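Hello,

Here is the structure I said I would pass on. Please open it and keep it beside this message while you read; my notes follow.

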Amino acid sequence: MSRDLILQAVISGLLMGLIYALVAVGLTLIFGLMEIVNFAHGEFLMLAMFTAFWFWALGGLDPMLSLPLVAILLAVAGILAHFGIIRRLLKAPMLAQVCGTFGLGVALRAGAQFLWTPDFRTITNPFIAGRVQIGPIFIGQPQLISGGICLLSFAALWWFVTRTETGLGLQATAQDRQAAAVIGIPTERMFALGWAIGLGCVGIAGTMLSTFYYIFPDVGTNFALLAFVAVALGGFGSILGSLLAGLLIGLVESLGGLLLDPSYKTLIVFGLYLTVVIFRPHGLFGRF
Amino acid sequence: MLEKARAERLWPRPPLWASALGAAAIALLIAYPFIFTTSFSHHLMILILLYALMAQSWNVVAGLSGQISLGQAIFFGIGAYSSTVLFAKYGITPWAGLMVGMLLSALAAVAIGVPTLRLRGHYFAIATLLIGSGVQIVFQRWDWVGAASGLYVPIERTSPLFYLQFHTSKVPYYYLVLGAVAIGYLVVWKLRRSRLGFRLQALRDEPDAAASLGIAIARHKVLAFMISAAMMSVAGTFYAQYVLVLDPERLFSAEISIIVLLMTVLGGSGTLWGPALGAAILVPLSEYSRIWFGGTGRTIDLILYGILILLVCMWRPSGILSLLEERIRRRAEMP
């Protein structure tokens, strides 16, 4: 096994990890705010990918151009989901919350399959294509740019949450809902904002993913599983934690696939989750 | 103490008309294959009963001990594979395979449950979801059991009861599954009013209070998980003998784990009859939508499932059964 090959795997693993991380951060934000695990998260990613696909297929809009549109649409979907569904589930027992979001996911996935068939689709000839060579390693240009955009999104999210007043309100709501309400933070609006940002991130991740990945109704399932792992590893509610955990998962998956057997790479990640969750139930990095 | 608790009527004795209705329902279930004689009506009822058993298995671990398992398909698959591997490779009767499957499933439940059942809430749900997905990956790559292409149950035309396969009629399957469901529900009915059952419900509702009373939470939850796994395994064996082909893609699919959860929550989780009610609603919905909409029905039924369960969770988290119960109670209270 040459050093170049390992370096190659590390780089591509980290780039994929950035996407996992951006998907996971939406999940972790929502959980941190209202203690609800969105089991329909993968389906929203799928919807984002299909939205980008249809912008390209019907409107001739390249994913790089439709990126803001998809992110806004997904954010709107998040607000609608919050006011239409989640607000009611908040008062229900945990079982109903799990089943409710699961039910939403099942309906969305089956709906996509009904409308668009289970076929695999791809966006051909996107603006960003081909690969760049850096020394001995090759990096796909879509992956590279996606990774960059994911990092930028993280930086923006971090700035928003820690430096703006609204972001601080978001953090306060996550820490203590009642106390936040007492000092005049509109918690209900914060919840909706959390959903908007969370699914907006999914919109960005999905659009970038659509430039180099197959698009099909079941595509979200695996990403959602990995996002659950990332959220649990990073600690539910931690933004930085999910970034680090996403990178770690990408790395483990890619190196595991290279050194062991590619068909077992997901298993290795699941094993990682179980080990961490059993020995450190609050994740590797704690809350924000 | 327990005697006293039993003597106090925790459950109000059902009125006479309810008992009569129950007796009529049992008579109807026994006579069903002779009232509805088409092959499809038999098939429909076999599926309802099978899912009623599977949903009840999920209900034992989630409804009774409060742990949301999203990996019940593991035990369904283990049951199906145990009987079929033993039969196809060694010619051992599926009846023995049924027992082996229950044993292996219970052991798997221990292996999975001991480390993970300590996790609360979402962590356990996600862990079982991942383990379920992992087990499916393993079975799809495991050459000895046919890897991704699965296994066939060898056709045996002599002595159908011994080989547990019937090729001329579905009626024997119906009665076998009915028997399994009857035993399963009886076990759960007994369990719910046993020492173990009370403890499980106590630690579901108030884990900290239960622990401070000296109830070993972990051990009890593992026990409930084992019972649940064994029940699921029985359903798996019967399913394998019914369809005669094992497909790891289907047997271990997250879809099975999810459907049993949807059925139970729809009917009413934690209740005895909720899982059966959920199965009786969702199975016909799925089968008929497949008939009406043809090949695309497979997804229409899932759309309906998803929306239905979402609505129930939003407006009636305790399930449809509680709606009926409330009505009956209100009527009973009327002068």
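**An enclosed helix in chain B**

Helix α13(B) is largely enclosed by the rest of the structure, because twelve of its 14 residues are buried. Please keep in mind that this is a predicted model. "Buried" here means that 20 or more other C-beta atoms lie within 10 Å of the residue's own.

The buried residues of α13(B) are B:Ile256, B:Ser257, B:Ile258, B:Ile259, B:Val260, B:Leu261, B:Leu262, B:Met263, B:Thr264, B:Val265, B:Leu266 and B:Gly267. The helix covers residues 254–267, and at 1.5 Å a residue it should span 20 Å. Its end C-alpha atoms are 20 Å apart, which agrees. Just after α13(B) comes B:Gly268, with a positive phi of about 140°.

Helix α8(B) gives another picture. Which residues of α8(B) are buried? They are B:Tyr173, B:Tyr174, B:Val177, B:Leu178, B:Ala180, B:Val181, B:Gly184, B:Val188 and B:Arg192. These residues lie on the same side of α8(B), because they cover an arc of only 165° around the axis. An α-helix has 3.6 residues a turn, so residues three or four places apart point the same way.

On the other side of α8(B), B:Gly179, B:Leu186 and B:Lys190 are exposed. The cover over the buried residues of α8(B) includes α2 (16–35), α3 (39–64), α9 (195–205) and α11 (217–243) of chain B.

**Chain B as a whole**

Chain B contains 16 helices and two strands. It is as compact as a globular protein of its length, because its radius of gyration is 20 Å, close to the 20 Å that the globule rule gives for 335 residues. The C-alpha trace of chain B spans about 60 × 50 × 40 Å along its principal axes. Of its 335 residues, 45% count as buried. Among the contacts in chain B with a separation of 6 or more, 75% are between residues 24 or more positions apart.

**Where the chains touch**

Most residues other than glycine have a negative phi.

- A:Glu35 has a positive phi, near 55°. It sits in the loop between α1 (3–34) and α2 (41–59) of chain A. With 16 C-beta neighbours inside 10 Å, A:Glu35 counts as partly exposed.
- A:Thr117 also has a positive phi, near 60°. Its place is in the loop between α4 and β1 (131–134) of chain A. A:Thr117 is partly exposed, with 13 other C-beta atoms within 10 Å.

Regards

Definitions and conventions
Residues numbered from 1 in each chain as written. Chains lettered and ligands numbered in written order. Predicted model: local features only at pLDDT ≥ 70, side-chain atom pairs only at ≥ 80, totals over all residues. Helix = DSSP H or I, 4+ residues; strand = E, 2+ residues; numbered from the N terminus. Rg over C-alpha atoms; globule rule 2.2 N^0.38 Å. Contact = placed C-beta atoms within 7 Å. Arc of directions from axis to C-beta. Expected span 1.5 Å × (residues − 1).
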